[in-house]
Amino acid sequence: LSGDPHRAADLVQASLERAYLRWDRIRAEDPVAYVRRIMVNQQYDWWRRRARSLEWLTAVPPDPAAPDDLAAHSAQRALVLGALGRLTTRERTVVVLRFYDDLSEAAIADEVGVAVGTVKSTLARALGKLRALPEFSADSRIGAL
């Protein structure tokens with residue numbers, strides 16, 4: 001959801017803190033879905049606050065030297081994160097919940113608070129945008145989206 005491992009760690013910690021405060025109520029329900037929903041809401045809030053601030057990141061710091069397989073993985077990860085960064089907030093959320101969290105379209109609809117049809121159309125539009133990118137063309141290694 002965040003695209004940044006440090007931000008993701010903060011997001012998980014803050015979500016678990018909020019869940020802890022309501023644990024008596026959460027325990028009776030589905031705790032995994034509840035915490036996941038907290039994470040999505042907190043990430044939305046962070047995006048809104050960031051959009052209002054004047055702080056914009058301009059460059060990604062380079063990764064330290066690593067073995068070739070790790071360097072290739074890092075390059076592919078950077079490529080995917082860059083492509084996800086070109087999507088809208090809702091598109092990115094749907095893609096991440098579908099392919100990284102492996103949720104069904106109905107579960108995503110419940111998490112995001114929209115209809116299943118909206119999830120399907122948003123996912124189709126997002127995948128179309130990703131396929132249109134040159135780095136995700138049919139002849140690339142990760143063009144299987």
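Let's start where two helices meet: helix 6 (residues 105–112) packs against helix 7 (residues 116–132) at an angle of about 105°, and their axes lie 8 Å apart. Angles of 65 to 115 degrees count as roughly perpendicular, so helix 6 is roughly perpendicular to helix 7. Keep in mind that this is a predicted model.

**Where helix 6 meets helix 7**
- From helix 6, the residues taking part are Glu105, Ala106, Ile108 and Ala109.
- Their partners in helix 7 are Val116, Val119, Lys120 and Leu123.
- Sorted by class, this contact of helix 6 with helix 7 holds 6 nonpolar and 2 charged residues, with no polar ones.

**A charged residue to look up: Arg7**
- You can find Arg7 in helix 1, which covers residues 5–21.
- Arg7 is buried, yet it has no salt bridge.
- A salt bridge needs a side-chain nitrogen of Lys or Arg within 4 Å of a carboxyl oxygen of Asp or Glu.
- If you set aside neighbours within four places in sequence, Arg7 is in contact with Ser2, Gln42, Gln43 and Trp46.

**The chain as a whole**
- The secondary structure consists of 7 helices and 0 strands.
- Following the sequence along, you read the pattern α-α-α-α-α-α-α.
- Of the 145 residues in the chain, 28% are buried.
- Take the contacts in the chain with a separation of 6 or more: 60% of them are between residues 24 or more positions apart.

Definitions and conventions
Residues numbered from 1 in each chain as written. Predicted model: local features only at pLDDT ≥ 70, side-chain atom pairs only at ≥ 80, totals over all residues. Heavy atoms only, no water. Axes fitted to C-alpha atoms, helices over the stretch in contact; angles between N-to-C directions. Helix = DSSP H or I, 4+ residues; strand = E, 2+ residues; numbered from the N terminus. Parallel < 35°, antiparallel > 145°, perpendicular 65-115°, else oblique. Contact = heavy atoms within 4.5 Å. Nonpolar A, V, L, I, M, F, W, Y, C, P; charged D, E, K, R; others polar. Buried < 20%, exposed > 50% of the residue type's maximum accessible area, 1.4 Å probe, protein only. Lys, Arg positive; Asp, Glu negative; His and termini not counted.
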